[in-house]
Amino acid sequence: MALNAEDMNSIAKDRARVSRAYLKVVVADGGGVRLSTSLLLLDTVAAIGFAAGLAGGVVAVPNGVAAMLPWALLAGVSAIGRGVCAMLAARVGASGAYRAKTRLRRRIVAAALHRAPGSDATTGTLMSAAVDEVDAIDGYVARFLPARMAASIAPLIVLAATAVASPIAAAILVATFFPFLAAMILAGGAAADASRRQFVALARLSGLFADRIGALPIVLAFRAEGREAAALGDAAEDLARRTIRVLRVAFLSSGALEFFAALSVALVAVYAGFNLLGLLPFPVPETLDLGRAFFVLALAPEFYAPMRRLAAAYHDRQAAETAAERLAVVEQAEVSPPSCIPVWSVVAPTIRFDSVSIRYDGQDNAAVSGVSFEAHPGMIVALVGPSGSGKSSLLHLLLGLAPLSEGRVTIGTSLLPGREGPGVGRFPHTQPAVPQADLPTPNPSLPGRGEQQNLSLCTIGSIAPIAAWMGQSPLILPGTIGSNIALAYTSASAGRIAEVARTAGLSPMLLARGGLDAVIDARGSGLSGGERRRIALARALLKPAPVLLLDEPTAHLDAASEAHLIDAIARACVGRTTIIATHSARLAEIADIVIDLGERP
């Protein structure tokens, strides 16, 4: 359905209103903007003192140096005061902007890390939001807000001082102010849309560039560098064209504003000069002397200085509002915190799936439909089936990385007397416990066990705090091999890290590379796919978690290595609630229950 101009204007106003409301919350900096505004107002007061010093000094010239000295001192002190006020206002504004950006960047990073399952935001767009779009708030806080508040008060101060010396000159300033204000409004309206489009193009280019840098090895492997470079070039050209449009509007608006400001000063100068010479073609109820005429002439430019400052910072407002609109979307995608956060014990829970379905946003068909099974403590459940049958999606669901569309997932726990909501998950002593010596122990100061109760996955959000996880795309961080293994459990001892590395079959690789202290970069420094998976498996084995989730742990391994790893996995699963997604029939043989997702209707 096509939208008419009125509808589009209404939508634009609604978006602007939402952006301003978001910015109002974001930039509440506890007085930084107010202090910066106060310094700008003091600068205006100092400008009045400077004009008075100049006017008094000019009048005192015939009376000698002694008569000029007090006025010169006033002008000098006022000039120094203006410099100090301007410097402090800039520093206070920058400090307030830094605090606002720091708080906002933490919120955006947290929202990016906890975005809703199935979110279509790419790594590049999230990076652009956390860096470029947060930085767009800087000028809004540091310059625009103080300038806007000062522009509503400072001209009145100058106008009052001018009226004391010459009411007619003050009337001229007021008369020329309305065309000046109209020019500002027209310029701002013309610049708003162009600025928004330019900022969106900048964010698009930043996200595209970051995504392509992350995928550079794949781009080079498929010889697609020419095509991707052309796409980046087209995006850069689009940004350049939009930037030129913004600059054209900015130069045109600056010219219009300077014209009306110069016109008003010229009118004051002509009036003051003709009044002094007695050549006015019409009668006026005042006769100016040299001091008053020089004072209003020196003060006239200061009447428009706050508006000039505001006009110069207006682009900062447009950039901030556009950024706020995009940042609000990122925060809206953040998953709400769970209604209660249970304190888990080291004893493995029961995990039950009841008619679970998973459907990602934008997909007509469900990735998983109607899955039901129950994994008891110490039990191994193998999820088998062809690629695309939903094995990984079920594991992602437990970690809060996939949406639960239908059904229910419950995790066995218990309710503690005297505590709100579900508490420590403790089970009868007849159930097996995780057999690792360095597991954390429950807090002995907590109350008794209470009655058995099931928690909904929707209630707790994710079982990641109690789960050891191995995915199909292991994360490798710059550092040592040992630090990568210890990523999920940084307090593990060096001996324990070495033990799980041997269990995961990393001994040959460690021997070739010089041990756990061997340094690798973010791309793995030549690690094979199998070695990456072994590092991920070592992480999962290292973490003292009562739940073990493994996604294709034996993929890309030869028969002998697979057999060795299956034995290690079987030992690691003792006492844990384990769910494994696999294509391997040999690995599925160690499972207590095999769920064939390929056989589901």
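A residue counts as exposed when its relative accessible area is over 50%. Asp592 has a relative accessible area of 52%, so Asp592 is exposed. Keep that cut-off in mind while you look around this protein chain, which is a predicted model. Here's a quick tour, from the whole chain down to a few spots inside it.

**The whole chain**
- You're looking at a protein chain with 19 helices and 11 strands.
- The chain has 601 residues, and 46% of them are buried.
- Take the contacts between residues at least 6 apart in sequence: 80% of these join residues that are at least 24 apart.

**The nonpolar cores**
- The largest nonpolar core is made of 57 residues, and Ile108 and Phe295 have the most contacts inside it.
- Helix α10, which runs over residues 290-312, gives the most to this core: nine residues.
- Who does Phe295 meet, once you leave aside its neighbours within four places in sequence? Phe295 is in contact with Ile48, Ala51, Ala52, Ala55, Ala161 and Ala165.

**The cavity**
- Searching the whole structure turns up one cavity of 30 Å³ or more.
- The largest cavity holds about 30 Å³ of space.
- Its lining is made up of Asp43, Thr44, Arg82, Glu302, Ala305, Pro306 and Arg309.
- Which helix supplies the largest share of that lining? That's α10, with four residues.
- Helix α2 (32-59) also takes part: α2 and α10 each supply at least two residues of the lining.
- Sorted by type, the lining residues of the largest cavity come out as four charged, two nonpolar and one polar.

**Back to Asp592**
- Asp592 and His376 are 216 residues apart in sequence, yet their C-alpha atoms are 9.9 Å apart in space.
- Not counting residues up to four places away in sequence, Asp592 touches Gly378, Met379 and Ile380.
- So is Asp592 buried or exposed? With 52% relative accessible area, Asp592 is exposed, because the cut-off is over 50%.

Key: Residues numbered from 1 in each chain as written. Predicted model: local features only at pLDDT ≥ 70, side-chain atom pairs only at ≥ 80, totals over all residues. Heavy atoms only, no water. Buried < 20%, exposed > 50% of the residue type's maximum accessible area, 1.4 Å probe, protein only. Contact = heavy atoms within 4.5 Å. Core = buried A, V, L, I, M, F, W, Y, C linked by side-chain atoms within 4.5 Å. 1 Å grid on protein atoms, 1.4 Å probe; cavity = no way out; pocket = protein on both sides within 12 Å on 5 of 7 lines; lining within 4 Å. Points joined across faces, edges and corners; volume = space filled by probe spheres on them. Nonpolar A, V, L, I, M, F, W, Y, C, P; charged D, E, K, R; others polar.
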